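Dear colleague,

Please find the structure below, together with its sequence.

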Amino acid sequence: MAQPLLKKDDDRDDEAEYSPFMGIEKGAVLQEARVFNDPQLDARRCSQVITKLLYLLNQGETFTKVEATEVFFAVTKLFQSKDLGLRRMVYLMIKELSPSADEVIIVTSSLMKDMNSSTDMYRANAIRVLCRITDGTLLTQIERYLKQAIVDKNPVVASAALVSGIHLLQTNPEIVKRWSNEVQEAVQSRAALVQFHALALLHQIRQNDRLAVSKLVTSLTRGTVRSPLAQCLLIRYTSQVIREAAMSNQTGDRPFYDYLEGCLRHKAEMVIFEAARAITELSGVTSRELTPAITVLQLFLSSSKPVLRFAAVRTLNKVAMTHPMAVTNCNIDMESLISDQNRSIATLAITTLLKTGNESSVDRLMKQITNFMSDIGDEFKIVVVEAIRSLCLKFPLKYRSLMNFLSNILREEGGFEYKKAIVDSIVILIRDIPDAKESGLLHLCEFIEDCEFTYLSTQILHFLGNEGPKTSDPSKYIRYIYNRVILENATVRASAVSTLAKFGALVDSLKPRIFVLLKRCLFDGDDEVRDRATLYLNTLGGDGAVVETDDEVKEFLFGSLGVPLTNLETSLKNYEPSEEAFDIFSVPKEVKSQPLAEKKAPGKKPTGLGAPPVGPTSTVDSYERLLSSIPEFASYGKLFKSSAPVELTEAETEYAVNVVKHIFDSHVVFQYNCTNTIPEQLLENVSVIVDPSEAEEFSEIASKPLKSLPYDTPGQTFVAFEKPEGVPAVGKFSNTLRFIVKEVDPTTGEAEDDGVEDEYQLEDLEVVTADYMLKLGVSNFRNAWESLGPDCERVDEYGLGPRESLTEAVNAVINLLGMQPCEGTEVVPSNSRSHTCLLSGVYIGSVKVLVRLSFGLDGAKEVAMKLAVRSEDISVSDAIHEVVASG
């Protein structure tokens, strides 16, 4: 009795055994390909062999040049067969083999014959193959046939020609652009696919002409598009026109919105969804404009098709980020999706509800979430955790139930990113909701008792050291911290020792007990742990030595280092042991950029907490060493900052010049980097004549010309100015390159004895306030802000006028102040109407400065900004406000 065939579908583990390609080898298939040469062709067998060859090619198997040529010539013999199925396989094989120019000639005549065949299937496929393997020369010969094919009555032939045109546009755009009339005629076709492909090609032909695209959209939105696919394309092109119109039109009118709204009543679901999504993604969309789109998406939520439910809930999830109140009408429908069999739909539904729900629905939602958390993957769990964090910040009174939920899932199994998202959420809730601090810290303490990730353990211990001593009963955390010293690896043990020291520094009643624990750490097996314990005992006075004042201890344990770690590391590596001790004040305070000539193309780098710090280049200290080696500048003292190179010439000019501004306390030195790009010239006595007529506070005191500047050999010339000490003087400087030019004999490479004095006008150079500000980030902006205190704080509000977006306004202020954005706040969420940006830096005179910027955008795109500045000197806070007021 035969075995039942159900086993094939039921047993997935054995599915591979039924593959028709199992165990095939290239050599054997190439032997089988000899069947192509048989006098009596077996069409079925030939098709099977071609199928195997195509499978090998698509699996990454490579054919040698000889093998590919043999197969190609053998396949061309199959044109003599009249079998329709075999002919289609021949077309596929020729496309995949991508024959060389010499081989293309062999099949061109056969393909052109098929292109004019009475069999439509031959014509369509021949067009696709010819356009795939042809070059520009042959394309001009068959252009007439392609134009005819575009307007052919058979939709298969027309679509083949249009799709070929889309591909050819990348390689031969001039030829394809001549087909505009035929393509425009094809857009009016009644065949759905033809209209779709014609519209796609027509848009690509005109995409670089905004006016032409706008005219195309205007003409087609009047109702001539019948194909649902083409309608979806037209909606996307309409959205593009609306976005571009919004950038140039400040009146608030939104063209084509009525068309998008009309598409919401189309009979095709794909068109309805595309229109709804387009409306929700409009920049600055209002609640009134959103309402019809939300209504149709709400209907999709109850659709029987999972794809429609997923598409609708995903779109509503995005809308909820910027317009949560507009989505609240869909909450009842989304609650029914929490139990959806598709876990992706359920996750998006729950996270959307968390963004739009009210305070009374929180507990009910949390119970529903608990039931399905174990059924979804980590990436969806992270989305849920982030939504819960946002909900808790929205309803602080519900922190207990939400914090308990986070602590429960923290104990469950999960990967590093998932656990990190939970820990980050708890930390943010502790910082922003004071009542949640003690319970949140205890949850984190319980987590590190059984945490398998060293990174998370050290981060939690660091956070515990900063926040634990400020609680009502700091002693209850000591047990958890010391357990890490006993049970964990060396990295976590060292972090735990530092955390214990912070408790000892801030809580006097715990100090004797901390001393006992630190003394036990002196016998640890790891050098780092023992060294830290010795250092902290000495600092806190646990070994009977004379200790520093409490303020000094707290500054040591909690204060910022004051210099980038990467710079400190580089300076320590460069330090040569001698009788003179290492001086931390010699470490540069800014990670300097490379000169433009040395910059390399940036690669893709990781971002976020897992990203490595930006390391300094080998030129971090080179400017300082260079300037100190020049006698004229050696007495100027410590270099405060060096700017990035500023280009003073256009690209591809005779002479390339850029300038680096070196800022000292009482001086500014301009370093002009010059390159001679003319092989037949040698420049001598090169200098830059600087006119400071628009920089009244500067006076030129020294210059250092360049003796010789051969072809393609960079050189430097310097000009130094004196300015009032400690004052951020600003001004504009005119620059003229002056030199003696000598002709060079190209055969001998020797220059003539006599030269001609010449000048070359350079771009103007400005010294701005940002040049007096070092970019220096802080690891914890909130703690740094509180440590500076309100005594030297200045707050004021400013109108920034009309702006295209908040992003433009944020970037403008950051560039004006020249400060370092903190905690990723320089990134403005899309469609956001308000934003807060945090900046930090060091002002000339080594004064720490922190800035908190709050932006708001009204309907007329007018941007208002609230500026709060804290620094170590009230005059610096005032100076920052003056910069913004005058900028």
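Helix H5 (residues 84-97) and helix H7 (residues 120-133) pack at an angle of about 10°, and their axes lie 9 Å apart. H5 is therefore roughly parallel to H7, a term for angles under 35 degrees. Axes here are lines fitted to C-alpha atoms, for helices over the stretch in contact, and angles run from 0 to 180 degrees between N-to-C directions. Helices (H or I, at least four residues) and strands (E, at least two) are DSSP runs, numbered from the N terminus. From H5, the contact (heavy atoms within 4.5 Å) involves Leu84, Arg87, Arg88, Tyr91, Ile94 and Lys95; from H7, it involves Met121, Tyr122, Asn125, Ala126, Val129, Arg132 and Ile133. The residues of this contact of H5 with H7 comprise eight nonpolar, one polar and four charged. Ala, Val, Leu, Ile, Met, Phe, Trp, Tyr, Cys and Pro count as nonpolar, Asp, Glu, Lys and Arg as charged, and the others, Gly among them, as polar.

Please note that this is a predicted model, in which local features need pLDDT of at least 70 and side-chain atom pairs count only at pLDDT 80 or more, while totals for chains, interfaces and linings use all residues. Residues are numbered from 1 along each chain as its sequence is written, and side-chain values use heavy atoms, with hydrogens and water left out.

Phe416, Lys419, Lys420, Val423, Val427, Ile430 and Arg431 in H25 meet Tyr455, Leu456, Ile460 and Phe463 in H27. The residues of this contact of H25 with H27 are eight nonpolar, no polar and three charged.

For the chain as a whole, the secondary structure comes to 37 helices and 17 strands. Of its 887 residues, 47% are buried, that is, under 20% relative accessible area, with exposed meaning over 50% and partly exposed in between (1.4 Å probe, protein chains only). Among contacts between residues at least 6 apart in sequence, 64% join residues at least 24 apart.

Aromatic residues also deserve mention. The whole structure holds 16 aromatic pairs (ring centres within 6.5 Å, using the six-membered ring of Trp; planes under 30 degrees apart are stacked, over 60 edge-to-face and the rest tilted). The rings of Phe670 and Phe733 have centres 5.0 Å apart and planes at 80°, so this pair is edge-to-face. Phe670 lies in strand S4 (residues 667-676) and Phe733 in strand S9 (residues 731-743), so the pair ties together parts 63 residues apart in sequence. Phe670 is buried at 0% relative accessibility, and Phe733 is buried at 0% as well. One aromatic cluster is formed by Phe670, Tyr672, Phe698, Phe721 and Phe733.

Asn658 lies in strand S3 (residues 655-663) and is buried, with a relative accessible area of 12%. Leaving aside residues up to four places away in sequence, Asn658 touches Pro645, Val646, Glu647, Leu648, Gln671, Tyr672 and Asn673.

Lastly, Asn685 has a positive phi of about 50° although it is not a glycine. Asn685 is placed in strand S5 (residues 681-694) and is partly exposed at 47% relative accessibility.

Key
Parallel < 35°, antiparallel > 145°, perpendicular 65-115°, else oblique.
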